[in-house]
Each structure stands twice: as structure tokens, then as C-alpha cells.
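Here is a briefing on one protein fold. Look at the structure first, then read the points below.

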Amino acid sequence: MNGSKGGRGRRIVLWRHGQTSWNLERRFQGSTDIELTDTGVTQARRAARLLAALKPDAIIASDLKRASATAAELAALTGHRVDHDPALRETYAGEWQGLTHEEILARYGEQYAAWKRGEPVRRGGGELETEVADRAAPVVLAHAGKLPDDGTLVVVSHGGTIRTTIGRLLGLESHHWEGLGGLSNCCWSMLGEGARGWRLLEHNAGTLPEPVLGDDD
């Protein structure tokens, strides 16, 4: 699922939502609808000022409160309408949702270890990572396909969904997706469209990218 042959130079910015109280408590949120903290709102406003400098052409977002509130900060600066889509929600993780990291390890230690090994695991009886990519990546690609040449799409979503979407767009096997690493609250990753499809330009960034000079030497 790489970029189409037309419209070279398009960019996709995948932006994680700001901080929530469950982030602070290290609780697995999944599809639970948790609001931003005051700090999360501040993070979103700061990041939005930076991302607005990219002059995005469109903004899409998960419909969960923490993502939609983050997206609203960028929309206020750019004047763009946010297109909300439930396909961009975080991974549904069943019985894991609401548990702290320590509780998950205590109750589902082997399941957690198998997931970390790259095995297909329905964490808490929920979605497989490949199923998350199956629902999210086509939405991102559909909106990217509407961009003008050199256009920029901002996708406001969640850490797990962003990681699986990046993995799918880069054509990586699913057991390698964990190797991409996580995103901090209100940080983003950027994909750029090149001759061979989508390429990872920035990962877990909190500042605007600098040009890459001579990256092959």
C-alpha cells in the first residue's frame, strides 16, 4: 500500500494526541474515550503552531475526544475543517483497557510477551495490529490521494494506530512494526512520497524537520 504514481511530493503528518490522565497513570486507553488534561491542551496548542507552518491542505482525525480536541487546535489556526473518522481510533484492547502497565504484566504477562515478540496477539481479546492497519491505512491513503502535488495531510490519531499505519504504508512486515518505536504525546511522524512510494522522513518529532543532505553518504 504505497503512494500512487501521481502527485509526487505529497506529505503525510501523523500526529499523536496530547496528554491525558490515563497517560500519566500508564493506563491502557485503547478505544476508551478519555479527554486531554490541561497540559495536553497546552501541548496541542504548541504543536499546532509548529504544524501550521507546514500549511497543511487537509486535517483528518480520530473521533475520540483526545484526538479531536488536539486536531481542533490546528484547525483553529489553519481554518480547515477536521474530517473525523472512527477508523482512526486507537486499537480496541478488550480486557486490557483501563489497566495500568503493571496490572497488564501481572494478569496477562505471557500475552504481553508474545505481542512484544511480534506474534499476532489479540490483546485483551481485542483487535490484531493488522486489523487496525486494515481500517486506518486505507482512510489515510484515500485522503492523501485527494492532495494536490506537494500537498500535506495531517492525521491526528493515537500511538498504536499511527505505528501500524506507518508500518503498512512503508510496506513493512507486521512483526517489524514494533521496531518503529512509540510517539510521545503531541509528537508526530512524517511520511514523504517519492519514486518508490512512501518514505519515513521524521519519527517522534516535536520540531519541524530540517532538510536531509547527503543521507546516503
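Two strands pair if DSSP finds at least two bridges between them. Helices (H or I, at least four residues) and strands (E, at least two) are DSSP runs, numbered from the N terminus. This is a predicted model: local features need pLDDT of at least 70, side-chain atom pairs count only at pLDDT 80 or more, and totals for chains, interfaces and linings use all residues. Residues are numbered from 1 along each chain as its sequence is written, and side-chain values use heavy atoms, with hydrogens and water left out.

- Six strands make an open sheet with mixed pairing, in the order 3-2-4-1-5-6.
- Strand 3 (82-84) and strand 6 (197-205) are the edge strands, and each pairs on one side only.
- From one strand to the next, the twist averages 20 degrees.
- Strands of a sheet pair through backbone hydrogen bonds, either parallel or antiparallel.

**Strand 4 and its partners**

- Strand 4 (residues 152-157) pairs with strand 1 in the parallel sense, over six bridges.
- In that pairing, valine 13 has valine 154 as its bridge partner, and arginine 16 has serine 157.
- Strand 2 also pairs with strand 4 in the parallel sense, over four bridges. Here isoleucine 59 has valine 154 as its bridge partner.
- Six of the six residues of strand 4 are buried, so the strand is largely enclosed by the rest of the structure. Buried means under 20% relative accessible area, exposed over 50%, and partly exposed in between (1.4 Å probe, protein chains only).
- In a regular strand the side chains alternate between the two faces of the sheet.
- Thr152, Val154 and Val156 point one way from strand 4, while Leu153, Val155 and Ser157 point the other way.

- Strand 1 (residues 11-16) has five of its six residues buried.
- Strand 1 pairs with strand 5 (residues 188-194) in the antiparallel sense, over five bridges. Tryptophan 15 stands opposite tryptophan 188 in strand 5.
- Strand 5 and strand 6 run antiparallel, joined by six bridges. Methionine 190 has glutamate 202 in strand 6 as its bridge partner.

**Helix 2**

- Helix 2 (residues 38-52) has 15 residues and reaches 21 Å from its first C-alpha to its last, close to the 21 Å expected at 1.5 Å a residue. The expected span is 1.5 Å times one less than the number of residues.
- Gly40, Ala44, Ala47, Ala48 and Leu51 are buried in helix 2.
- Seen down the axis, the buried residues of helix 2 fall within an arc of 110 degrees, so they line one face. The arc is that of the directions from the helix axis to the C-beta atoms.
- Asp38, Thr42 and Arg49 are exposed on the other side of helix 2.
- The cover over its buried residues includes strand 1, helix 3 and strand 5.

**Helix 6**

- Glutamate 129 is found in helix 6 (residues 129-144). At 14% relative accessibility, glutamate 129 counts as buried.
- Leaving aside neighbours within four places in sequence, glutamate 129 is in contact (heavy atoms within 4.5 Å) with Trp115, Arg123, Arg163, Thr164 and Trp177.
- Helix 6 and helix 7 (residues 159-169) pack at an angle of about 75 degrees, with their axes 8 Å apart. Axes are lines fitted to C-alpha atoms, for helices over the stretch in contact, and angles run from 0 to 180 degrees between N-to-C directions.
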